[in-house]
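Work through the two exercises below with the model open beside you, and try each task before you read its solution.

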Amino acid sequence: MALLASVVEKRQPLDATLENDKAFAALDTRDKALARAIVGTTLRHYGTIDAILSSLIQKRPRGAGTLNRILETATAQLLFMGVADHAAVSVAIDQLAADRDGAHFKGLANAVLRRIARERETLLAEFAMPEGDTPEWLWRRWVAAYGEATARAIADAHHTEPSLDLSVKSDPADWAAKLDGIVLPTGSVRTVAGGDVPSLAGYAEGQWWVQDAAAALPAKLLGDVAGKRIADLCAAPGGKTAQLAAAGAVVTAVDISSPRLERLAANLKRLNLAAETVASDVLKWQPAAEFDAILLDAPCTATGTIRRHPDVVWLKRAEDVAALAKLQAKMIDHALGLLKPGGTLVYCTCSLEPEEGEGHAAGRTVDPIRPDEVVGLAEIITPAGTIRTLPSHLPNANPRLAGLDGFFVMRLRK
């Protein structure tokens, strides 16, 4: 309840809330996973849940934030998580009873939740639509950019908790077998193995790192990087830095956040990989020498990561797009200036918004990405020779094994 409130009331990122919440930290691993799943499921279906509750409670009580958050998380459990009706209702009523401002709403909550349990199928048939769980401003953007059918497929993909994607140092097939997963066309290993990530085979030994398959594409587009000086700009959390270091590059990882760079360095140590780290605003950074290549994963609205971070859809605003696109354009120009003549810049964002991706190709000389560089995923290459991945790409009979983060990738030469 408190975790959900931090997102929908205070507009705090869920991951940051989890890191700083003492009550969450005190839970054991299993209860942490359950709490995260409840909040994540509620956020994935928040529009539908809100519409259902509004139809059953004609006038929501004022100042009843506790009631609303408890009803929302209980509804998510009843409709989308397969939790036993009596268990979901009982926990919700107990939570209200323990809250000074919520105790007198127990009767209302009990009646509403029991009705939701009884009329589950009818309510879902009437209110559950993918676009209903996407803010209107974002839905209009996706329809304009991709067409209504694709926009609906994107929104629907956000309803499914994604798999765990791993970049492995070697022998993807062997690690897929060990982790009960599959090898994707990109070479990433995809698994739905549950449990705490550090407890999985190979983690402590530094054999792999967590990285969405789409996020693993940009570094590969630099080609053979062995022995080359490469800057990874806006590098944290470090998946791309690890890729480049593992491929033999001499990497300088730059990020404005010192704490995030510390976590990046700790992960590189676990992986037995090395890179120079620099805490700096990228736009102010002036290295002593030019680089052979640069990877720029620029700050963005992150709307391509809603599958993994369902809070994003409720944290961003329409005005964020233009502001970030302006910043990205400055970063591209600055990065090009840090390259040797003939050097390569790979620019990427995990955004679905064209202004943060395709819009930056206008007026620039794009080095086209070839189908043989993304074997098995030729459909992600645009006519302009850039890459556009969507959450609805990479279908699979098992929805948990389907999908990609939404990424835009462009390669430029100086």
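**Exercise 1.** In which loop does Thr 186 lie?

*Solution.* The model is predicted, so that local features need pLDDT of at least 70 and side-chain atom pairs count only at pLDDT 80 or more, while totals for chains, interfaces and linings use all residues. Residues are numbered from 1 along each chain as its sequence is written, and side-chain values use heavy atoms, with hydrogens and water left out.

Thr 186 lies in the loop between β2 (181–183) and β3 (189–191), where strands are DSSP runs (E, at least two residues) numbered from the N terminus. Leaving aside residues up to four places away in sequence, Thr 186 touches Ala 213, Leu 217, Lys 220 and Leu 377, a contact being heavy atoms within 4.5 Å. Finally, the side chain of Thr 186 reaches the backbone nitrogen of Ser 188 at 3.4 Å.

**Exercise 2.** Why is strand β8 described as largely enclosed by the rest of the structure?

*Solution.* Strand β8 covers residues 291–297, and it is largely enclosed because six of its seven residues are buried. Now look at its partners, remembering that two strands pair if DSSP finds at least two bridges between them. Strand β5 (residues 229–233) pairs with β8 in the parallel sense over four bridges, and here Asp 232 has Leu 295 in β8 as its bridge partner. Strand β9 (residues 339–349) also pairs with β8 in the parallel sense, over six bridges, and Asp 297 has Cys 348 in β9 as its bridge partner.

How values were computed. Polar contact = N/O pair within 3.5 Å; in protein donor to acceptor, adjacent residues only side chain to side chain. Buried < 20%, exposed > 50% of the residue type's maximum accessible area, 1.4 Å probe, protein only.
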